[in-house]
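Work through the exercises below with the model open. Try each task before you read its solution.

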Amino acid sequence: MSLRIVHYNDPILRKKGAPVTGFDSALAALAAAMVETMHEANGIGLAAQQIGRAQQLCVVDLRDAEAEFSWNLDGAKPPLELFMPMVIANPTIAVVRGTEELVAEEGCLSFPNIRGDVARANAITVKFKDERGVPHTLACDGLLARCIQHEADHLNGVLFIERMEKKVRASLDEAIKALAKETRAAAKTNFIS
Ligand SMILES: [Zn+2]
């Protein structure tokens, strides 16, 4: 079952997610629905806030991404096919000391057709739990590190437009305002019908 993706500036996108505590079949079903929704939208990541739930839960799948990145999961380097799509609950991110900040263009499924440059740490370590509650440590860089930082921001109610330089953010201002207006209008329609 695919879910409706929430657009900017729905208030749920500003909510910090509650930690996931129950690693049961309901959580596994929710995570599976999020993966399906992400795939249908051709996204590489999706956070719970984006489907209307303020929870510390996101999914990531970079199997089809054309980018070079490296990873180490729990001390090994399994093929991507073995651990993606990833379900990430309750992530805590540490930036690798001395890593550089890289600027790259990002998009977001909650901001259709809006893209802009964002600076992020190139290398991170993230501790998280999977949908069964099993703890993991992932060290990664490049697009995978960028994607996880973007999703973890969502879980704290932070959006990529807030990570942009002023100049970049300003150049998108009109499109962002138009999107917010569209979202408000759609919310009204949903309420009436
Ligand atoms: Zn996003």
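A residue counts as buried when its relative accessible area is under 20%, and as exposed when that area is over 50%. Keep in mind that this is a predicted model.

**Exercise 1. Find what Ser-110 touches, leaving aside its neighbours within four places in sequence.**

Step 1. List the contacts. They are Ile-5, Val-6, His-7, Tyr-8, Leu-13, Gln-50 and Leu-179.

Step 2. Pick out the polar one between side chains. The side chain of Ser-110 makes a polar contact with the side chain of Gln-50, at 3.0 Å.

Step 3. Val-35 and Ser-110 are 75 residues apart in sequence, and their C-alpha atoms are 15 Å apart.

**Exercise 2. Name the residues that coordinate the zinc ion, and say which parts of the chain Cys-108 and His-154 tie together.**

Step 1. Read off the donors. The zinc ion is coordinated by Cys-108 through SG, and by His-150 and His-154 through NE2. The distances run from 2.0 to 2.2 Å.

Step 2. Write the spacing. Along the chain, the donors follow C-x41-H-x3-H.

Step 3. Locate the pair. Cys-108 belongs to strand β5 and His-154 to helix α3 (residues 142-155), so the two tie together parts that are 46 residues apart in sequence.

Step 4. Check accessibility. Cys-108 has 9% relative accessibility, so Cys-108 counts as buried. His-154 has 1%, so His-154 counts as buried too.

**Exercise 3. Describe the surroundings of Thr-37: is Thr-37 buried or exposed, and what is in contact with Thr-37 beyond four places in sequence?**

Step 1. Find the element. Thr-37 lies in helix α1, which spans residues 25-40.

Step 2. Apply the cut-off. Thr-37 has a relative accessible area of 3%, so Thr-37 is buried.

Step 3. List the contacts. Leaving aside neighbours within four places in sequence, Thr-37 is in contact with Met-1, Ser-2, Leu-3, Ile-5, Leu-46 and Ile-51.

Step 4. Look back to Exercise 2. Ile-5 is also among the contacts of Ser-110.

Methods: Residues are numbered from 1 along each chain as its sequence is written. This is a predicted model: local features need pLDDT of at least 70, side-chain atom pairs count only at pLDDT 80 or more; totals for chains, interfaces and linings use all residues. Side-chain values use heavy atoms; hydrogens and water are left out. Contact means heavy atoms within 4.5 Å. A polar contact is a pair of N or O atoms within 3.5 Å; within protein, one must be able to donate a hydrogen and the other to accept it, and residues adjacent in sequence count only if both atoms are side-chain atoms. Donors are N, O and S atoms within 2.8 Å of the metal (3.2 Å for Na, K and Ca); water is not among the atoms, so sites may look incomplete. Helices (H or I, at least four residues) and strands (E, at least two) are DSSP runs, numbered from the N terminus. Buried means under 20% relative accessible area, exposed over 50%, partly exposed in between (1.4 Å probe, protein chains only).
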